[in-house]
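I opened the notebook to look up a few places in this structure.

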Amino acid sequence: MREKQIDKLKDYKYGFTTDIENIKAPKGLNEEVIKFISKAKKEPKWMLDWRMKAFERLKNLKEPNWQKPKYPKIDYQDIYYYSAPKGTSEKPKNLDDLDPKILETYKKLGIPLQEQQRLNGIAVDAVFDSVSVATTFKDKLNEVGVIFCSISEAIQEHPELVKKYLGSVIPLTDHYFATLNSAVFTDGSFVYIPKGVRCPMELSTYFRINASQTGQFERTLIIADEGSYVSYLEGCTAPMRDENQLHAANVELIALDDAEIKYSTVQNWYPGDENGKGGIYNFVTKRGLCKGKNSKISWTQVETGSAITWKYPSCILRGDNSIGEFYSIAITNNYQKADTGTKMIHLGKNTKSKIISKGISAGFSDMTYRGLVDISSKAKNSRNYTQCDSLLMGNKCGAHTVPYIKNKNSDSNIAHEATTSKISEEQLHYCQQRGLNQEEAVGLIVNGFCKEVLQQLPMEFAVEAQKLVGISLEGSVG
Amino acid sequence: MEERLKSDFEKTLKNLNFSKKEIETKQNYLSRFLKAGLPNRNLENWKFSDLSQIIKKNIGELSFYNDYSSSNKVDSSIFVDGLEHNKIVFINGRVEKIDFQYEEKNKIDILENIELNDNFINVNSLVNLNNAFTNKHFKIIVKNNYYLKKPLIVYHSTSKKIKSKNINIRLDFLLEKNSCLKIIDIFSDNSEKNFVNVFYNFDLHKDSILKNYKIDKLENNNIKYSYNNIEQDTNSVSETFILSTGSHFLKNEINCNLNGRYSSAFINGIFSLKDKNHHEIRTNINHLIDNTKSYQLIKSVSENDTKAVYQGKIFVNSEAQKTDGYQLSKAILLDETTEFNAKPELEIYADDVKCSHGSASGSLDDNSIFYLMSRGLNYKEAKELLINGFLLDVVEKITDTEIKNLIKNTIGLKE
C-alpha cells in the first residue's frame, strides 16, 4: 500500500497532504455560511451586502452546460466553503508566528516563504485553502507605493480601491460560477500599482488546496494605474484525493492609460489518477479590462493539471490603441479534459490582439480550444492574429478547435489559423538516431512546439514549466 | 403557430393520398417539429442566424398548406440558354416537369412516391418540417457505370400567386457504382415573403461522382433553407458549389458522411451580398474511416447592412487515420455596416491526421488599389478588379468547364 502511494507520488509530487487542524464553516451554501465567511474575515457591512446580492442572484441562475467536457452534477450543499488552518484568524505578523507545518508545506512545494531564502526577488502571497497565510517582501514594495496584500486585508485597509474596482470587470450579474465566487469568495491577492511605477519585482500568489471536500474560491484584483507595469505569477497545487474538488476563482485585471499587466499562470492542480478518479474541477473566470489608452494586458498560461479545466482568460480592449495578448499551453493526459481559450473583445480604435494557443493531448484525454474574437463596429483599424495548434498522441484522445470570429468593421483585419497533427516519425527518428531515447525525443519536440509560449514566461517559471511539460506527458508514448 | 400547423397538416393529408404507415411517419416528423419549433439563436447551429426571429420579422404568420392539385404553367424563359441540359422544374413546390431527354432511358430510374421512412428524424427541426409536409417524394437512380451525358438543372421557381407560405421540397438521389451526376440548382423567384425549405439526400456508391452547384443569384425577398445530406462510399467524390447572393435570407447546410475509404468531399462557396441580406453556409464533414479527404473554400464580399456567416466543422473519429481535412474562409468587408462571422471548427479524435483551417477577414488592400490606380484605373475599376480576382479563385475550383463558364457568366466574373 505504502509502496503504491510512493509510486503515485512520483507522478504528482505535490500530492501530499499537510496534517493540520482546520476551522471550517458549516457545510453547504446558504446565507448563514456567507455571513460566517464575512464575519471570519472581519468584513465591513458593504462587503457582506455585496455578497448577499450575488447570492440572491445565484438563486435564479443555472449552471452553463454548453461546454465540451461534461461532469457529474456538483452538489453545492456538500462542499465546505471556508476552511482555514487553526490560528490564522489573525494573519500572522511575521513568519515566526506561522504554523511550522504550513511553512514546511510551502518549502516542500518549492516556495520558501523566508525572504532571505529567495534569491530571485519574487514577492509571494501564499494562500492556503481559504486564507492568505503570508505575504512576503511587503516593506520593500511599500517603499515604492505598491500595495500587495491579500484581498481580505485590502477590503479592510483600502476599501475605496476595492469598492471602486471589485466587480467592475466581472460584474455580479455574470455567469453561474463567477456569481458563486462573488458570494462566497474567501481570499486571494490584491495588487495596486500607483501611477508611473514599474513594480520592482515579480509578484506571485501560490494557491494550495489542502482540506478535503472544500472548494477554493479565490478572488484576485489587480489594478495598474496610469503608466505603471506589473508582472504577476500564479501557481497552484492540491493533494491527491479520490474526490473531485471545485475551484472557482475570479480574477479581475484593470489597466489604466499606458499601463501594462502581465499575468502568468502555471496551473498544476491534481489531475486525478490514471483512471480519471479524483482531481480538481478548475472553473475559473479571468478577465482583464484595458480601460485606458495604450494599455496592455497579456495572459500566459501553462495548464497541465486539473481533471477538468474550463476557463477563458479574456481581454476587453476598451481603450484606444490597447493591446491584448494570450499565450497558452494546455496539456491533457489520461482522462483529463480541458476546454480553454480566450475572448478578445475589441471596442476601442486601433486595438490589437494576439492569440497563440498550443494544445497537446495524450492518453484518453480531450482538449478543446474555444475562442472568441469580436470586433465591434467602432473598433476601427483593429487587428487580430490567432494561431492554435494541436498535437495528438494516440487515437484515444481528442483535440478540438472552436473559434468564434465576429467582424463588424471593414477597417479591421482578422487572421486565424489552426492545425492539428502528431509528432512525425521523421522527427522522432532523427532525435533517436542522435542518441535520445523515445521519451526524451518526445519531450524535446514538445518543448519546441511550445517554445513560443514558454518564451513569454518569466525566467524561473519558464524552467519550471518546461520540466512540467515533460512530466505531464510521461508514459504517454510507446 | 401550433394550431395553424396542425390544421394545415390535416388539410395537407386530406388532399393527398398517403398510405397509413406514411401518415404515421409524417405525424412523427410533425410532432418532432412541434416540440422544437423553428430554430432560434439558443441553438449552437443557429447562433448567428435566428430563423425564428427572421421569419417573424419578415413574414409574420406562416401558412403551411399548399394546394398541389392544379398544375402551374411552366415559363420557359427561366431556362438556361446555351447549355443542353435535363430538367426538373418545381413551381411553388410542385413538380411540373421531369425531363431526361438527353439520357438513355434504361440507365435512369425515376421513382415517384416512394414511402417515407424515419431515417432523418434526428437531424434537425427543419428537416422534420420538410418531411412532414412534402407532397411528393421523388428518387432518382443513376444506374451502374452510367455517366449522364448532360447536366441536370433543377429549377426552383415561385410565382406571385403565393405569399407567406412555407414550401417544402425533397429529392433523393442514388448514384450506383461508377456513375456520375451533375446537378445545378437554380432559384428564380417572382414571389415575396415565403419560406422555402429544400432537403436533398444523396447516396453515393462506390466510385461514383456527384457534382452539385447551387445558384441563388436573383434578388428576392424570400427566406430559404437548404439541407444536403451526402453519404459517400469507397472512392466516391462529391463536389458542392454554392453561390449565395439573391435571397433575403439563405442558409445552406451540407452534411457529408465519408463512410468509405478514399472518398473525398469538396465544398466551395461564394457570398456576394449587396443589400440587407443575411446568408449562412454551414458545413459538417464527418470523416468516419481512414484515408478520406475534404476541402472547403469559402469567400465572401459584403456591403450595405448585410451579414455573412460561415460555420464549418470537420469531424474526425478515432478510426479515421490519415485524414486530410482543409478549410479556408476569407472575407472582404466593403463598408461599416456589414458583418462577417465565422466559426471554423475542428473536432479530432485520431492522431495521424492532417487537418487545418484558416479564416481571415478585412477590408480591400489599400496597397493593391493604389497599385492599380497608379496604372490608370479609376477607384471603381480597381475595386471591381480586385473583387473579381478574389472571387474567381473559388469559381476556378469548379471541375466542369462548361458549368464553370456558365457560373462565371451568371456572376459576371471575367478572367
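**Entry 1: a strand in chain B**

I began with a pair of facing residues: B:Lys87 stands opposite B:Ile153 in strand 5 of chain B. A strand here is a DSSP run of E with at least two residues, a helice run is H or I with at least four, and both are numbered from the N terminus. Before going on, I noted that this is a predicted model, where local features need pLDDT of at least 70, side-chain atom pairs count only at pLDDT 80 or more, and totals for chains, interfaces and linings use all residues. Residues are numbered from 1 along each chain as its sequence is written, chains are lettered from A and ligands numbered from 1 in the order written, and side-chain values use heavy atoms, with hydrogens and water left out.

I then looked up the pairing itself. Two strands pair if DSSP finds at least two bridges between them. Strand 1 (residues 86–91) of chain B runs parallel to strand 5 (residues 152–158) of chain B, and six bridges join them. With strand 2 (residues 94–99) of chain B, strand 1 pairs in the antiparallel sense, over five bridges. There, B:Ile88 has B:Ile98 as its bridge partner. Two residues lie between the strands of this hairpin, and B:Asn92 takes a positive phi near 50 degrees.

Is strand 1 of chain B enclosed or open? Six of its six residues are buried, so strand 1 is largely enclosed by the rest of the structure. Buried means under 20% relative accessible area, exposed means over 50%, and partly exposed is in between (1.4 Å probe, protein chains only). In a regular strand the side chains alternate between the two faces of the sheet. I checked both faces of strand 1: B:Asn86, B:Ile88 and B:Phe90 are buried on one side, and B:Lys87, B:Val89 and B:Ile91 are buried on the other.

**Entry 2: two buried residues**

I looked up B:Asn166 next, in strand 6 (residues 166–175) of chain B. B:Asn166 is buried, with a relative accessible area of 0%. Its side chain makes a polar contact with the side chain of B:Asn168 at 2.9 Å. A polar contact is a pair of N or O atoms within 3.5 Å; within protein, one must be able to donate a hydrogen and the other to accept it, and residues adjacent in sequence count only if both atoms are side-chain atoms. Beyond four places in sequence, B:Asn166 is in contact (heavy atoms within 4.5 Å) with residues including B:Leu62, B:Phe64 and B:Phe195.

**Entry 3: the wider view**

Chain A has 11 helices and 24 strands. Of its 478 residues, 62% count as buried.

Which residues touch the most other members of the largest nonpolar core? They are A:Leu203 and B:Phe173, in a core of 92 residues. Such a core is a set of buried Ala, Val, Leu, Ile, Met, Phe, Trp, Tyr and Cys residues joined through side-chain atoms within 4.5 Å.

Last, I looked at where the chains meet. There, 35 residues of chain B are in contact with 34 residues of chain A.
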